[in-house]
There are 2 protein chains.
Amino acid sequence: MGYRAPVDQIRFILDHVVDFRRVAGLKAFADATPDTVEAILTEAGRLTTEVMAPLNRASDLNPTRLENGVIRSTPGFAEAFRAIADGGWVGLAANPEYGGSGLPQTLNVAVGEMMSGACLSLQLNPLLTQGQIEALEHHASDEIRALYLPRLNSGEWSGTMNLTEPQAGSDVGALRTRAENAGDGSYRITGQKIFITWGDSDLSGNVCHLVLARLPDAPQGTRGISLFIVPKLLPDDQGNPGVANSLKVVSIEHKLGIHGSPTCVMSFDGATGWLVGQENKGMAAMFTMMNNARLGVGMQGVGVAEAALQQAVDYAVDRVQTGPIIDHADVRRMLAEARAEIFAARAIGLACAVAIDLARGGDDPEAAARAAFLTPIAKAYGTDVGSRVADIGIQVQGGMGYVEETGAAQFLRDVRITRIYEGTNGIQAMDLIGRKLSDDGEAALRLLDEIGEGAKAAQSDLPELANTVWDAAESMREAVQAMLADDAADRAAGGTPFLNAFAGVLGAHYHLRAAMHGGAAEKALARVFAARILPLHSAYLGAARAGAADLFALDAAALRG
Amino acid sequence: MGYRAPVDQIRFILDHVVDFRRVAGLKAFADATPDTVEAILTEAGRLTTEVMAPLNRASDLNPTRLENGVIRSTPGFAEAFRAIADGGWVGLAANPEYGGSGLPQTLNVAVGEMMSGACLSLQLNPLLTQGQIEALEHHASDEIRALYLPRLNSGEWSGTMNLTEPQAGSDVGALRTRAENAGDGSYRITGQKIFITWGDSDLSGNVCHLVLARLPDAPQGTRGISLFIVPKLLPDDQGNPGVANSLKVVSIEHKLGIHGSPTCVMSFDGATGWLVGQENKGMAAMFTMMNNARLGVGMQGVGVAEAALQQAVDYAVDRVQTGPIIDHADVRRMLAEARAEIFAARAIGLACAVAIDLARGGDDPEAAARAAFLTPIAKAYGTDVGSRVADIGIQVQGGMGYVEETGAAQFLRDVRITRIYEGTNGIQAMDLIGRKLSDDGEAALRLLDEIGEGAKAAQSDLPELANTVWDAAESMREAVQAMLADDAADRAAGGTPFLNAFAGVLGAHYHLRAAMHGGAAEKALARVFAARILPLHSAYLGAARAGAADLFALDAAALRG
């Protein structure tokens, strides 16, 4: 049947699980009427199902290439990108002052999930542009905003993030790209960047690079990094793309997946750029951009998982081996666990988006902290689920899943990057147990309070499920306290299982809400999550408390064997 | 550094963990003196490290191709295969009466792991030949044995398994390939087979197909299947390859991985074959072959995991991001968990091999049941660990893991098939909770008794670890009893988590033995397993008891979303 955007499932979560009505009730989002929300989700469903999804196999079979220094994207991408741009999807949540639609981030995140499920390689292009828009809105001068934002919002131009260098991956502070003040308000940027997604594009009229670089005599490490906007074509007096800047794509990577999305080695050779924000304060601006991009990446995982599961279910219905294989208990188990995890990851991501909107447009003082706390969980769990479900998709299809023609393998290959970029999932875990618990666990504990209240409220209707959620929240509360008491090394050694455990509690909580408001299917799915996924929770809590000593008792020789 | 065969680790397990001395002490294996064992493992280590491993990237970059109906294997494969054949490795465990070396299967399994870690695509060729040798030894007539076995053992000829047809994958009974008695002692085979690994080869002088087919008026299903040996070139009076048989490779698959191993669509058009075993008893012969191949596939998972982990450790030592990343707690955690799981999977596989040898060469009446019980666990857990560790290998290397040039992605792509072929891991679970518990759980409970005794014996030296293992074995015992009391649907719905739980208990048991006999590193590794992997055990037991009702409350529409 092919990918069908999960519009109804998203709407159910918005309506019944993550309190989207609180967002829609804010003055800042007065435009987000029920009719508008309905129209946006329906239209995004149509665009992704009918226009983008048919290109997904092509993105793998006819990769975007570099020919004589020029990017030639997968046939069909140009038309589909035009449909995305002309539909106003790039600037959906952006500031209306500069051509955005000013709608809630929640809707944008939901649309991003659908686009990712339809065609991840293509979706990456607008996703990165959105990150750039956000960074410029918050940190750029009026002139830069007036020049760039309308063109980015309209999809006329696109945006990239240039962070990584060969010696500076997760350790951004180690970067060496130089910037020199040209004295005319501009800077000259020189250096090499790697792993630059859509570092060039034939989909838009210009490509704008946000580049992290170091000024002369800047402090070492992350406190000496500045952010610049460096367009491929220098805007002329009318703001139209003019002469070429001194930058180029040196090569593109041969990757496991997302073959439609070119991953570029970029060379800047005295390229002209303009400062965004203040000198040496580039990391703060970059983090604005990355934090929301992290949620977007989490939803990429959810989107690909959705597409992979739909395909697997279709196969399991059609494939007969002593009856349709969907009636084999172990196949049904795999599909049901996948569906239960997708629901959980989607709800976590949308709850995070709701918190972002409440922080942006409302007067809820706790919303920003909640958004910050949920972001690494949404990123890591969403992308973990992406890999797990894509893997299940292959397994359900057996030998047919292993041959490339079905596309099941492509889902696995494509989604694998989402656990790495925008901060590896390990870095998300370190963020969670470090910065995001640095409020003495207040945001975490408040969230657990709310989960406990939800469990209490469900007690009479769904006692078993409610008790399970209550117990999980209580043990999570103890784990938070214990984590806060730990020394840094032990805490770090428990970061990933701690994140996994928290995701499990959140997932169970949202499943319980769905079960309270839904029908028999939602209740059964919630029980599947509670009986088959949530039990991992206590295993994770055990691992979270296991400490660092035994890990560091194993040196490289012992680990290599 | 590249792959280095884990000879020392294997020897440690043979000496201290799985009681290989009992095998070496049997009269049937009198040749397996300590010096011989040492020489064999060392020489296999050299062959795999120096000859096979350097070909692994080539197997991906220069796949084996089909040119005008002829297979052209990856450059270098021919020479390496010759080294394997001339070294006597194909017939290592085969009957000396027909040119085999008659050594324990345990050694063969250990060598198979090393070969898989070095180059999985190439290792598949001798692995399948070994399966054919085993089937012919047990079921073929004297004439067939005399003709084929010496040539297969020497690697002069190679062997394949032809089971799958488009409509008959896991449901072998649905196959349609026909066989007709030609009246001269031979049969005419007609039909199409798919997913035939190394269905043709330019590495050996002849390719012998074991083909499942149906005689006229044969009973339906698996009770009407017969097994035939169908050589590519018909042997002449001297047993030399003569005229071409009526069979051919129609096409080869474009797969996610193992690009050096051609996966063929085979067409048999009245091809000449000879019956192996009795008419309509082909499934029994096939199971002989598959059971041992399943263990071999489990060890493929272990082998690839070993190679992937070695590479990841090397990267983590060299890669500096605020210090070598191996000193980052979450990286160390990933590597340590991978090492702990590899040890567990290897020990389970070698314990299974020891049981096979004790059954073959000894008078231990329980050994056959133990081997049968451990086989699906060794297959499923070994290959699960293969995928998990290859995935960790990518994650540790971040963006460099996602680009193909490092080879990390290849490990993931290659090993993914091992969870599917020779019976998917779901089918292994169904085998475990069905046939392998059909002795009222006797084999399972006896194994748990032994684990309990091991824990008791370790009580004074390593009380914490010993208690953990004891508790896990006790809860596993309860799960076995509960499983036996369940109805078929609930049991099936719990099969995979039951298998995972049993693997965890076994892994912890072998880790405890290693900790008792090893040094600080073995003790630390055992604690990592106990604290970070084994806790999943109780989660699995919960899932194993969750029943089928909720799964089947979710129909295809609910699962597709």
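Predicted model: local features only at pLDDT ≥ 70, side-chain atom pairs only at ≥ 80, totals over all residues.
Over the ring of which residue does the charged end of A:Arg151 sit, and how many Å from its centre? The ring is that of A:Trp157, and the charged end of A:Arg151 lies 5.4 Å from the centre of that ring.

**Rings and charges**

- In chain B, the charged end of B:Arg151 is placed over the ring of B:Trp157, at 5.4 Å from the ring centre.
- Counted over all chains, the structure contains 10 aromatic pairs.
- One aromatic cluster is made up of A:Phe373, A:Phe498 and A:Phe502.

**Domains and annotated spans of chain A**

- The domain assignment divides out two parts of chain A, with domain 1 at 158-282 and domain 2 at 426-549, and the centres of these two domains, taken over C-alpha atoms, are separated by 40 Å.
- An unreviewed UniProt entry gives the annotation "domain: Acyl-CoA oxidase/dehydrogenase middle" for residues 161-269 of chain A; in the model, the chain over residues 161-269 is 47% strand and 0% helix, and the end C-alpha atoms of that span are 17 Å apart.
- The feature "domain: Acyl-CoA dehydrogenase/oxidase C-terminal", likewise taken from UniProt (unreviewed entry), is placed at residues 280-432 of chain A; residues 280-432 are 80% helix and 0% strand in the model, with 25 Å between the end C-alpha atoms.

**Helix H10 of chain A**

- Helix H10 of chain A runs over residues 367-402 and has 36 residues, yet its end C-alpha atoms are only 44 Å apart, which falls short of the 52 Å that a straight helix would reach at 1.5 Å a residue.
- A kink of about 90° is found in H10(A), and this kink is centred on A:Val396.
- H10(A) is largely enclosed by the rest of the structure, because 30 of its 36 residues are buried.

**B:Gly495 in chain B**

- B:Gly495 has its place in helix H17 of chain B, a helix that comprises residues 495-517.
- Is B:Gly495 buried or exposed? B:Gly495 has a relative accessible area of 0% and is therefore buried, given that the cut-off for a buried residue is under 20%.
- Between B:Gly495 and B:Ala85 there is a separation of 410 residues in sequence, and their C-alpha atoms are 39 Å apart in space.

Methods: Residues numbered from 1 in each chain as written. Chains lettered and ligands numbered in written order. Heavy atoms only, no water. Phe/Tyr/Trp six-rings, centres within 6.5 Å; stacked < 30°, edge-to-face > 60°. Lys NZ or Arg CZ within 6 Å of the ring centre and 35° of its normal. Domains from an automatic or database assignment. Helix = DSSP H or I, 4+ residues; strand = E, 2+ residues; numbered from the N terminus. Expected span 1.5 Å × (residues − 1). Bend = angle between axes of the 7 residues up to and from the residue. Buried < 20%, exposed > 50% of the residue type's maximum accessible area, 1.4 Å probe, protein only. UniProt positions renumbered as here; feature names shortened; annotations may be inferred.
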